[in-house]
Amino acid sequence: MEYVSTRGSAPALDFEGATLAGLASDGGLYVPREWPRFTEAEIAGLAGLPYAELAARIMQPFVGDSLTPERLRELTAKAYARFAHKAVTPLKQLDEQQWLLELFHGPTLAFKDVALQLLGLLFEEFLSRGGDPLTIVGATSGDTGSAAIDAVAGRARVDIFMLHPKGRVSDVQRRQMTTVLSPNVHNIAIEGSSFDDAQAIVKRMFGDTAMTGRFAIGAVNSINWARLMAQVVYYFAAALQLGAPHRKVAFAVPTGNFGDVFAGYVAAQMGLPIERLIVATNVNDILHRALSTGDYSAGTVTPTAAPSMDIQVSSNFERLLFDVGGRDGKALAAQMTGFEATRAMQLTNAQREGAARLFTSARADPDQMAQAIRWAFDASGELLDPHTAIGLHAARTAGIDPAVPVVTLATAHPAKFRDAVERATGHRPILPARLGDLFEREERLVDLPGDYDAIAAYVAAHAVPRG
Ligand SMILES: Cc1ncc(COP(=O)(O)O)c(C=O)c1O
Ligand SMILES: N[C@@H](CCOP(=O)(O)O)C(=O)O
């Protein structure tokens with residue numbers, strides 16, 4: 001399988017190359033040159049497989065020659081052995097139509113573990129073949145950081161520098177990152193910033209030849225194709241349980257950087273019969289505005305009780321615009337450069353119409369989010385985290401045919417956001433036993449100003465150079 005950049009001028013790479021590169025050298029994102037497609041009979045044949053086996057089967061066409069099928073199976077078995085539920089991503093019914101896909105049974109209690117546990121192993125595998133030590137630079141609004149740190153802490157030939165907006169992640173999220181004391185883990189709190197600022201710094205570093213010349217910069221954010229590839233699997237897992245390929249399923253996805261829901265789009269391109277993908281945002285609603293009116297313009301970020309979705313510049317939207325807009329890298333590069341200069345752009349007709357074929361969108365304000373938490377608790381006794389609740393609000397208001405099951409992706413454990421959940425329901429979710437002493441653990445982090453040069457200098461002073 002070959003990977004091409006959404007901006008058309010970076011060299012095409014194989015899976016190993018795209019995984020280690022993260023962002024393409026022209027500033028674009030890597031996507032497969034074409035979508036692998038399963039027949040209806042092949043999809044039917046996947047029903048009932050254990051999750052790790054299903055994952056290997058779905059991902060093999062994307063991995064190509066970079067791993068043998070046997071090796072990929074070993075890696076998926078190892079990645080998903082650390083999940084606290086045997087089904088890895090269990091499905092729960094809320095009422096006749098509404099379902100929850102619980103993606104938070106991994107080590108750090110968020111859906112990010114599903115991809116990052118595998119990505120940590122892929123880095124280890126590819127780095128063991130030689131090449132330069134990897135300097136991962138990542139941005140987080142709370143969940144990617146802890147999942148990525150858990151996945152690479154203590155591994156050889158890799159350092160991780162994780163940037164988070166100071167004071168804008170929950171206390172559980174911060175401690176999950178800062179209490180990991182391995183020498184290869186470097187937590188940076190950026191003063192006076194949002195996730196968008198942190199993400200912009202990360203992307204700039206990939207284009208800074210002074211840095212890329214000295215260090216092999218790598219990505220753990222969903223700009224890295226391997227993240228999305230691993231997330232495609234749970235769309236298949238859920239739909240197969242609900243009757244696919246003989247029955248269509250809709251998915252509601254709490255959305256920030258558009259990675260999780262783009263994985264659903266990929267599943268649909270591979271042949272999974274998906275009725276609709278419902279993009280759910282909080283009041284930071286650039287994606288809802290873009291999909292409903294074509295206006296992709298970034299305002300300032302409003303902090304909310306769903307901090308991991310407090311995002312205005314949504315990296316993976318570029319992958320969708322590329323695919324539905326006719327895969328014209330040069331034209332998209334011009335469109336994205338314009339957006340980077342002005343923070344505003346209009347979708348073309350082709351992009352709007354292409355997206356509308358599969359996507360619907362909705363926005364939840366804080367009251368609607370709290371109501372959804374209460375509804376789920378009253379309907380089924382489930383405590384939802386605020387992100388999942390935003391997805392559920394969208395699922396219940398999207399007007400999906402009552403005969404079609406709607407699956408909301410439950411992206412985080414409620415205990416990560418226990419204050420918000422307690423405010424909505426009066427019940428305080430409890431941290432699972434393995435994290436019970438989180439508040440007694442020592443923290444280590446540095447505070448830096450939201451200034452590219454200061455952060456690049458810090459990375460340069462602590463990373464292992466090429467060679
Ligand atoms: C709990 C939670 N829900 C939803 C999202 C949004 O996912 P994405 O950025 O892939 O759209 C995130 C962060 O990415 C998250 O941490
Ligand atoms: N919600 C994320 C931010 C988006 O990051 P990505 O790694 O999915 O691109 C977070 O919690 O860090």
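Helix H10 (225-241), strand S9 (249-254), strand S10 (274-281), helix H13 and strand S14 (406-410) are among the elements that cover the buried residues of helix H11. Contact here requires C-beta atoms, placed from the backbone, to lie within 7 Å. Helices (H or I, at least four residues) and strands (E, at least two) are DSSP runs, numbered from the N terminus. The model is predicted: local features need pLDDT of at least 70, side-chain atom pairs count only at pLDDT 80 or more, and totals for chains, interfaces and linings use all residues. Residues are numbered from 1 along each chain as its sequence is written, while chains are lettered from A and ligands numbered from 1 in the order in which they are written.

H11 itself spans residues 259-269, and nine of its eleven residues are buried. A residue counts as buried if 20 or more other C-beta atoms lie within 10 Å of its own, exposed if 12 or fewer, and partly exposed in between, with C-beta atoms placed from the backbone. The buried residues run from Gly-259, Asp-260, Val-261, Phe-262 and Ala-263 to Gly-264, Tyr-265, Val-266 and Ala-267. Just after the helix, Gly-271 adopts a positive phi of about 115 degrees.

H11 also gives the most to the shell around ligand 1, with three residues. In total, 16 residues surround this ligand, and the closest are Asp-143, Asn-257, Gly-259, Ser-308 and Thr-411; a residue is near a molecule if its C-beta atom, placed from the backbone, lies within 6 Å of it. By type, the shell around ligand 1 comprises six nonpolar, eight polar and two charged residues. In this division Ala, Val, Leu, Ile, Met, Phe, Trp, Tyr, Cys and Pro count as nonpolar, Asp, Glu, Lys and Arg as charged, and the others, Gly among them, as polar.

H6 is mostly covered, with ten of its ten residues buried. Against these buried residues pack H5, strand S5 (134-139), strand S6 (158-165), helix H7 (171-178) and strand S7 (185-191). After H6 comes Gly-154, whose phi is positive, near 80 degrees.

Lys-112 is buried because 33 other C-beta atoms lie within 10 Å. Leaving aside residues up to four places away in sequence, Lys-112 touches Asp-143, Thr-144 and Ala-147.

The unreviewed UniProt entry also places "domain: Tryptophan synthase beta chain-like PALP" at residues 89-347. That stretch is 42% helix and 20% strand, and its end C-alpha atoms are 35 Å apart. For residues 2-80, UniProt lists "domain: Threonine synthase N-terminal" (unreviewed entry). Over residues 2-80 the chain is 47% helix and 8% strand, with the end C-alpha atoms 26 Å apart.

Helix H13 (residues 317-324) meets a further partner, helix H15 (residues 349-356): their axes come within 8 Å and cross at roughly 100 degrees. Axes are lines fitted to C-alpha atoms, for helices over the stretch in contact, and angles run from 0 to 180 degrees between N-to-C directions. H13 and H15 are therefore roughly perpendicular to each other, a term that applies to angles of 65 to 115 degrees. At their contact, Leu-320, Leu-321 and Val-324 of H13 meet Ala-350, Gln-351, Gly-354 and Ala-355 of H15. These residues divide into five nonpolar, two polar and no charged.

Some backbone geometry remains to be described. Most residues other than glycine have a negative phi, and most peptide bonds are trans. The peptide bond from Ala-244 to Pro-245 is cis, with omega near 5 degrees, and Pro-245 lies in the loop between H10 and S9. Arg-327 has a positive phi near 55 degrees and sits in the loop between H13 and helix H14 (329-342). Arg-327 counts as partly exposed because it has 15 C-beta neighbours inside 10 Å.

Key. Contact = placed C-beta atoms within 7 Å. Parallel < 35°, antiparallel > 145°, perpendicular 65-115°, else oblique. UniProt positions renumbered as here; feature names shortened; annotations may be inferred.
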